[in-house]
Amino acid sequence: MIDAPIRAQAAAVADGMVKASDLAQATRDRIAARDAVLRSVVHLADPTALDGPLHGVPFGVKDIIDVAGQPTRCGSHAHDVTGPEATAVTRLRAAGMVPMAKLATYEYALTGPAWDQPNLPARNPWNPEHITGGSSSGSAAAVAGGLFRVALGTDTGGSIRAPAAYCGIVGLKPTHGAVPEDGCFPLSPSLDVIGPLAATVEDAAVTLEVMAPDTRAAQALGQGIDGLHIGYARDWFVEDPACSPEVLCAMDDTAALLSRLGARIELVSLPDYPQLEAAGTVILQYEAWQVHRSRLAERWDRYGVDARRNLVTGAVLTEDHVARARALAVAFRAAVDTHLTRHAALLTPTTLSPAPRFSNFEDGPVWTAMRTLPFNMSGHPAISVPCGFADNGLPLGAQFVSAHGQEALLCRIAAAFEGACAATACRAMPADPVVIGA
């Protein structure tokens, strides 16, 4: 039953077919059987099921989001403060969902993976020798590994969408501000969002709608996409030397499949990506420095080496640097908004390659090519959906982007694509995530 969609789990409890306690125990048994390999869970709670429309469905929470009765460590030896429960968690709890576990994160949602943090890095269920991506690393591993149908993550530059792509699941970044951000330790407040990583678009949409009812994220599922115009930003990545041939092939196949579903695919051009990534990095690093500067002064030796190196880069940035970066963000938002007056959504890859090996990170952080950060700068909702596999068997992800507040349309498009992918076998979950690649 824990492998069924969350609506089906809730209905089974409501109809008396299973007890909420049965779902909880099955989840605990699954964690015991698999997480020694996945390393996704950093704290397992004693569950208390509640009555509500989602009746006892278990979920996991990234360990920078506060949950009542559970510690928040932010993946760091430097953090020992837990505040009031995040509104996002409280709303899911009120709907009957049970926050059963805190899940691994890169330290303070910064760079990773690293081996000087309280817990070893989470591993990719498709092949444990490969990373999950970050910083919502445990959330992606837990969902892809079948521990939960849905887990909460955060996304500042791609930290929901990139792990989702690397692990072959769905990652939904809502419009900036749609989900209340209280109870979440900030990284870069003007970029941060809370959102779901899920086994399916439906599970992600249902979860988001509970956290942010105004999104009505699940209301248009199943409507199809015949006649919708979708802009394919192919020139935003095709000439990038970091783009693997497998990603290019998968993206062209994605556009072709959308066309067969009745969508009208049109090529669009977006502003220069490297310049946008540089501007977004300035904003992120400057704001992260403001968040951590006092804590670093007090607890320098408690932070991991990579986290310290990452944070101090913000010390050299000035308000002028940030003002110029924000001006680029405003211009990018305007450019995207212009496209979205003519198109229901834009299509790009999520990452430009499958998940790299852990061995690539033995000497410290390694830059990985994505197409995510600009949409944190612009605030648009975006979703990553599995779109195929690389030659090494690891998943790839396609990203859809819609206008502000258009999560229902975004999920409608993503669900139509997902359904067609299931029919054409370009999407699958690992049959036994504990042993694949072992």
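Author: Let us begin with a term: two residues are in contact when heavy atoms of theirs lie within 4.5 Å. Please keep in mind that this is a predicted model.

Reader: With which residues is phenylalanine 400 in contact, leaving aside its neighbours within four places in sequence?

Author: The partners of phenylalanine 400 include Thr254, Leu258, Leu346, Leu347, Pro381, Ile383 and Phe417. Phe400 also belongs to the largest nonpolar core, which has 105 residues. Phe400 is listed there among the residues with the most contacts inside the core, together with Ile65, Leu347, Ile383 and Ile413. There is also a second, separate core of 21 residues, with Ile31, Met100, Ala101 and Leu147 among them.

Reader: How should I read the sheet, and in what order do its strands stand?

Author: A sheet is read by following which strand pairs with which, and two strands count as paired if at least two bridges are found between them. Here 11 strands form an open sheet in the order 1-3-2-4-6-5-10-11-9-7-8, and the pairing is mixed.

Reader: Why is one side of strand 1 and of strand 8 left without a neighbour in the sheet?

Author: Strand 1 (41–44) and strand 8 (264–267) are at the edges and have a single partner strand each, so one side of each lacks a neighbour in the sheet. From one strand to the next, the twist averages 30°.

Reader: How many bridges join strand 10 to strand 11?

Author: Seven bridges join them, and the two strands run antiparallel. As an example, serine 384 has glutamine 399 in strand 11 as its bridge partner.

Reader: Which strands does helix 6 touch?

Author: Helix 6 (residues 201–211) packs on the sheet and touches strand 4, strand 5, strand 6 and strand 10. The direction of helix 6 makes about 150° with that of strand 6. Helix 7 lies across strands 7, 8, 9, 10 and 11, and runs at about 50° to strand 11.

Reader: Where is aspartate 240 placed, and with which side chain does its own side chain make a polar contact?

Author: Aspartate 240 sits in the loop between strand 7 and helix 7. Its side chain makes a polar contact of 2.7 Å with the side chain of arginine 371.

Reader: Is arginine 299 buried or partly exposed?

Author: Buried means under 20% relative accessible area. Arginine 299 has 22%, so this residue is partly exposed. Arginine 299 lies in helix 8 and is in contact with Ala78, His79 and Asp80, leaving aside neighbours within four places in sequence.

How values were computed
Residues are numbered from 1 along each chain as its sequence is written. This is a predicted model: local features need pLDDT of at least 70, side-chain atom pairs count only at pLDDT 80 or more; totals for chains, interfaces and linings use all residues. Side-chain values use heavy atoms; hydrogens and water are left out. A nonpolar core is a set of buried Ala, Val, Leu, Ile, Met, Phe, Trp, Tyr and Cys residues joined through side-chain atoms within 4.5 Å. Buried means under 20% relative accessible area, exposed over 50%, partly exposed in between (1.4 Å probe, protein chains only). Helices (H or I, at least four residues) and strands (E, at least two) are DSSP runs, numbered from the N terminus. A polar contact is a pair of N or O atoms within 3.5 Å; within protein, one must be able to donate a hydrogen and the other to accept it, and residues adjacent in sequence count only if both atoms are side-chain atoms. Axes are lines fitted to C-alpha atoms, for helices over the stretch in contact, and angles run from 0 to 180 degrees between N-to-C directions.
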